[in-house]
Amino acid sequence: MGAVYANSSNQIASLKELYKDDSDYMKDMVYKENPFLALVPKNESPDGFAGKYIPVPLEYGTPQGRAHTFANAQNQQTATSLASFFVYVIQDYQLVTITNLLMEQTKSDAGAFVDAAKLQMDGGFRNITNNIAFEIFGSGTATRGISAITSSQVGGVAPSGVTLPLTNSNSVVAFEIGMLLVASATDGGAPSSDTVLITEVNRASGVIKGTASAAVLSANWAIGTAIAYLSISGDIPLSGAVNTGSFLALSGLAAWIPVTSPAPTDNFWGVNRSADPTRLAGLRFDARAYTIEEGMTNALAFSNREGAKPDLCIMDFASYAALVNALGAKVQYVQVNHDEVEVAFEGITFQSAYGRVTVLADRSCPPQTAYLLTMSTWKLRSLGKVPHILTYGMEGLEGLRVGNADALEIRIGYYGNLICSAPGFNCVVQLSN
């Protein structure tokens, strides 16, 4: 698919004040509707992710050597059980291109430039921010949703009309018109070479429509009764994202605290977490057999039993509404403020054995899922702000001349990853609604 350039202006310096790294305007735009992204602790210093990877040491077992009999205590000694995750940096890019024609048309009118360029720049920041907010919940495979396609919709279809009904309509929040999708037969598997360009998104029914690059899509698009794992072209390696070393996306909550216990062959940033799935890969609680209120109470009790003291719970909007309805007159609302900028989120509080837990809704949280998080164990580490204008050593907002077009290109991006220093103090909960 060829790039489509946005029209804007040449007075790039006029935007510097809006988009400099310490601007409240930019922080509001990045964090305003993304609670977990806003609240997760960050290290955005120039050396926040220095080097090829960040080591994350973890003690998951105490040294043995205790018995009521001295000889036994002496002979049963073991070393402290230690592990160290070696987390690699990932990179993410958003490009905004401004044609020189509009730059010339507005060169004498800074206001016209700012209005035109700001529209594109805001959209670019919003798009990459939405992706960060989505991936911070993900497993690193960049799968945005799952689609089931019947053979009647695919066999011999003309490229102009492909229908992709999502198996869970709530995952439609991860899709936008203009996205170029590829499909994998498994989560993180090798992507298709053929693509679908999204042209319609029905956010009520969870059905996506688009234009295919081939008259008959390949088997990866799940012709018949199979399912297709959908991701954006360029978000998954050609050979697939088979392990953490090949992930192009953030290792989010689903990576650090998977719903399924790690297999005996697990290799997560160099660590086989099956040695102690709880302390190395977090807590898991299946609350689908309970009402949402009972499920949350039991999940918190289970977490507290394992030594976790979660202070924040994140869930999807449908589950949040169900919890509010279940609590009825017992619901207690609370406002959560962001430390760095004037962004606040409305939530509720829920009682645990170790104190009250704040519950917030986040549109990027997977459906029927809640995360009980000890926020001090998390850190979004990066080289500079997440995201920021890439200046390549230059100061302020700069553009690059496009080599094969009469236009100026502005690059937005970040380099970093999400890190957890104590997965065992966090829990993923599967909910009934």
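The model is predicted, so local features are taken at pLDDT of at least 70 and side-chain atom pairs only at pLDDT 80 or more, while totals for chains, interfaces and linings use all residues. Residues are numbered from 1 along each chain as its sequence is written, and side-chain values use heavy atoms, with hydrogens and water left out.

**Asn 426**

Select Asn 426 to begin, in the loop between β20 (407-420) and β21 (427-430); strands here are DSSP runs of E with at least two residues, helices are runs of H or I with at least four, and both are numbered from the N terminus. Asn 426 counts as buried because its relative accessibility is 0%, where buried means under 20% relative accessible area, exposed over 50% and partly exposed in between, with a 1.4 Å probe and protein chains only.

Next, show the side chain of Thr 377, which makes a polar contact of 3.1 Å with the side chain of Asn 426 (a pair of N or O atoms within 3.5 Å; within protein, one must be able to donate a hydrogen and the other to accept it, and residues adjacent in sequence count only if both atoms are side-chain atoms). The side chain of Asn 426 also reaches the backbone oxygen of Ala 422, at 3.1 Å. Beyond its neighbours within four places in sequence, Asn 426 is in contact (heavy atoms within 4.5 Å) with residues including Ile 257, Gly 282, Leu 283, Trp 378 and Cys 420.

From Leu 283, step across to Cys 427 in β21, which stands opposite; β11 and β21 pair in the parallel sense over four bridges, pairing being assigned if DSSP finds at least two bridges between two strands. Now select the whole open sheet, whose seven strands run in the order β11-β21-β16-β12-β15-β14-β13 with mixed pairing. β11 (283-286) and β13 (333-337) stand at the edges, each with a single partner strand, so one side of each has no neighbour in the sheet. Neighbouring strands are turned by 30° against each other on average, direction ignored (axes are lines fitted to C-alpha atoms, for helices over the stretch in contact, and angles run from 0 to 180 degrees between N-to-C directions).

**The six-stranded sheet**

Finally, select the open antiparallel sheet in the order β5-β10-β7-β8-β9-β6. Within this sheet, β8 (residues 196-202) and β9 (residues 207-212) pair over six bridges, and Glu 200 has Lys 209 in β9 as its bridge partner.
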